[in-house]
Amino acid sequence: MTLRYFSRQNIKPIKSLTHLFVFIATLFSLPTLAAPEVHYEQCKQTFSYRGNQYKGTTNKDNGNTQWCYLKSPVNGSNWGNVREETIPRQITISGNQCSATSQYGSEVFHGCSTQAYGDFWCYTDSNGSNRENCRMDDQITDFLSHIQPQESELIQRVAVGSCFKTQGTMSQAMSRIIASKPDLFMWLGDNIYADTTNMNVMQDKYDNKKKNRDYQKFLNAKIPVLATWDDHDFGANNAGNNYSKRKESQQQFLRHFDIPTSDIRYSQQEGIYSAVMQGPSGKQVHSIMLDARYFRSPTFRNYGTCQGDNSTVLGDAQWAWLEQELEKPSQIKIIASGIQVLPPLHRKRNLNSYCAYGNGQRFNAAINSLNESNDSGTRYESWAEIPQQREKLLRLAQKAINSGKAKHIIFVSGDQHWGELLEKSIPASTTYGPQATVYEITASGFGQNWPYDIPNPNRLRIWADDKGDGDYRKTCKLPFKASGRTYDSCITQGQNTPWCYTQVNNRGEGVAGAWGNCAPEGAITPTGQVGKVPNNLSRVSTADRHIINKSGSNYGQIDIDWTNGTIKLSLQTETQEITSTIINF
């Protein structure tokens, strides 16, 4: 019977005393005398040993000597002791160089290992305090890069979008964006659907996005880009600070969006929040990209331990940073958030189910402070799930407007798979000043839609006149009941011109005599002018003219006319502008 021994690579027959010696040495985890000395170029690019993978070399079970498996046997051996001066430094996904050696327990390795963490990693410093994931050779591709915004650039058009999938009408939508030549594009989250803790998987998905031919056209158009993330590119559905790979995910995000390695977010700042001020004096747009994931407390118990009144969306450091940013004067501020800001709390669930509820006092006080005690919004993720934090954000926006730091503040958000125009009048406050109105564009997404009922009392108002007098100073009360039916948009029942009730009773029924014609395209309103009105609303929406949830794709656009002092907020589809409003500043 032929004896067999276990080598590092496979099982071989023992045919000589030398082989027997190798067999005994291997059993006791000792290096064999048969191993040749080799140059690193003779090593396999990656190899596995005892459940771990290596890109480089290791001294595991070989004393202090580094070894690797070989591309081709040398003197009958499939592994060799490597001359350390020949071993190159590996590179991390952020572009940093690995330290000469990294140590885990008693093992010392050159290059990268999957030891303990599952992904290839190394230390980038000699004392082992900074660990980063490694970049693999098949991931080193000459991709086109995102263009970073320049402070000197005058901003006249900003396009915004999220929830990117390479399906449906995505291609047509991307072509329209490129053709419109925006001065800035904002990615608002779910930029990929990673949903993983494996950074190699996440990197592959980011790279596959860059490999998509339509996205390559977008990159080749050299449109400057700013970005934030939402749950699916952050790492997991509805995740917040409970996500275990948030630091690693941050590195992947920075790499994908080609953020310069000098940026503090690589090593000095937790979270991807950032801001840029663009344009000459008197024509400045201040873009503020929030990170509503990295620090966010659990919103429901299934995501982690509830923190009640201590629940946060941004975390202390980001809140302090945001307050400083809002003190910087500009004409227009655009604040990006992966999740919606303006919809009120969804009330068709037990309030105790919200993690931020606590004893209910501060939770309800925040809602009441914004005059929303009887309002109910979308049941999907939004800032309203932590009302205390939402009130803080809106009050800071109100303060910035009233202190002259901004003429208008426009929130932009993604996540929902529909497009929506929103506004909120923030009630007057002794601390934050007179009532102030803020706006929001939700733009979501590419190759996606959501044709379902979506309640939101803070959707952009529809102006109406008084019984057809042509002076559009009243607003439609939506939804309203008429003749036993409920309507959430203007109707033509009884006349050819779309109309609505401008008052309803406590049962939601229209008050007789309190009606008006809905403002048509071009109509002058107290805030500006009506823009585009959908010519076939039922084709693109399940509700009123300011939500688009049936189109194949949607994105948002902000057009600034510095000469005439107007801002147009619009929702675009893969074929046309669907709805818009024009506000004065």
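Reader: What should I know about the model before reading any feature?

Author: Residues are numbered from 1 along each chain as its sequence is written, and side-chain values use heavy atoms, with hydrogens and water left out. The model is predicted, and local features need pLDDT of at least 70, while side-chain atom pairs count only at pLDDT 80 or more and totals for chains, interfaces and linings use all residues.

Reader: How many disulfides are there?

Author: A disulfide is a covalent bond between the sulfur atoms of two cysteines. Here it is taken as a pair of cysteine sulfur atoms within 2.5 Å, and by this rule the count comes to six. With the bonded cysteines of the protein numbered in sequence order, the pairing reads 1-2, 3-5, 4-6, 7-8, 9-11, 10-12.

Reader: What is the handedness of the link between Cys98 and Cys122, and where do the two cysteines lie?

Author: The torsion about the S-S bond of Cys98 and Cys122 is about -85°, so this disulfide is left-handed. The pair links distant parts of the chain, 24 residues apart, with Cys98 in the loop between β7 (77-82) and β8 (102-104) and Cys122 in strand β10 (residues 121-123). Helices (H or I, at least four residues) and strands (E, at least two) are DSSP runs, numbered from the N terminus. The S to S distance of Cys98 and Cys122 is 2.1 Å.

Reader: Are Cys98 and Cys122 buried or exposed?

Author: Buried means under 20% relative accessible area and exposed over 50%, with partly exposed in between (1.4 Å probe, protein chains only); both Cys98 and Cys122 are buried.

Reader: What can be said of the disulfides of Cys476 with Cys500 and of Cys490 with Cys518?

Author: The sulfur atoms of Cys476 and Cys500 are 2.0 Å apart, and this link is left-handed, with -80° about the S-S bond. Cys476 sits in the loop between β22 (474-475) and β23 (480-482), whereas Cys500 belongs to strand β25 (residues 499-501). For Cys490 and Cys518 the sulfur atoms are 2.1 Å apart, and the link is left-handed, with -105° about the S-S bond. Cys490 and Cys518 are 28 residues apart in the chain, and both are buried, as are both Cys476 and Cys500.

Reader: What is the order of the strands in the eight-stranded sheet?

Author: Two strands pair if DSSP finds at least two bridges between them. Eight strands form an open sheet in the order β14-β13-β12-β30-β31-β32-β28-β27, with mixed pairing. Its edge strands are β14 (225-228) and β27, each of which pairs on one side only. Strand β13 (residues 184-188) pairs with β14 in the parallel sense over four bridges, and Leu188 has Thr228 of β14 as its bridge partner.

Reader: Which helix lies across this sheet's strands, and at what angle to β30?

Author: Axes are lines fitted to C-alpha atoms, for helices over the stretch in contact, and angles run from 0 to 180 degrees between N-to-C directions. Helix α2 (residues 170-180) lies across β12 (157-161), β13, β30 (554-561), β31 (566-573) and β32 (577-584), and runs at about 10° to β30.

Reader: What is the order of the strands in the seven-stranded sheet, and which helix packs on it?

Author: The seven strands form an open sheet of mixed pairing in the order β15-β16-β17-β18-β20-β19-β29, with β15 (274-278) and β29 (547-548) as the edge strands. Helix α7 (residues 315-326) packs on the sheet, touching β15, β16 (285-289) and β17 (332-337), and its direction makes about 175° with that of β16. Strands β18 (residues 408-413) and β20 (residues 436-442) run parallel and are joined by four bridges.

Reader: How many residues of helix α6 are buried?

Author: Helix α6 (residues 246-256) is mostly covered, as nine of its 11 residues are buried, among them Phe253 and Leu254. The elements covering these buried residues include β11 (131-133), α3 (199-211) and α4 (213-220).

Reader: Which residues lie nearest the centre of the largest pocket?

Author: On a 1 Å grid over the protein atoms alone, a pocket is an open set of points where a 1.4 Å probe fits, with protein on both sides within 12 Å along at least five of seven lines, and lining residues have an atom within 4 Å of a point. The largest pocket is lined by 34 residues, of which Asp375, Asn456, Pro457, Asn458 and Leu478 lie nearest its centre.

Technical notes: Contact = heavy atoms within 4.5 Å.
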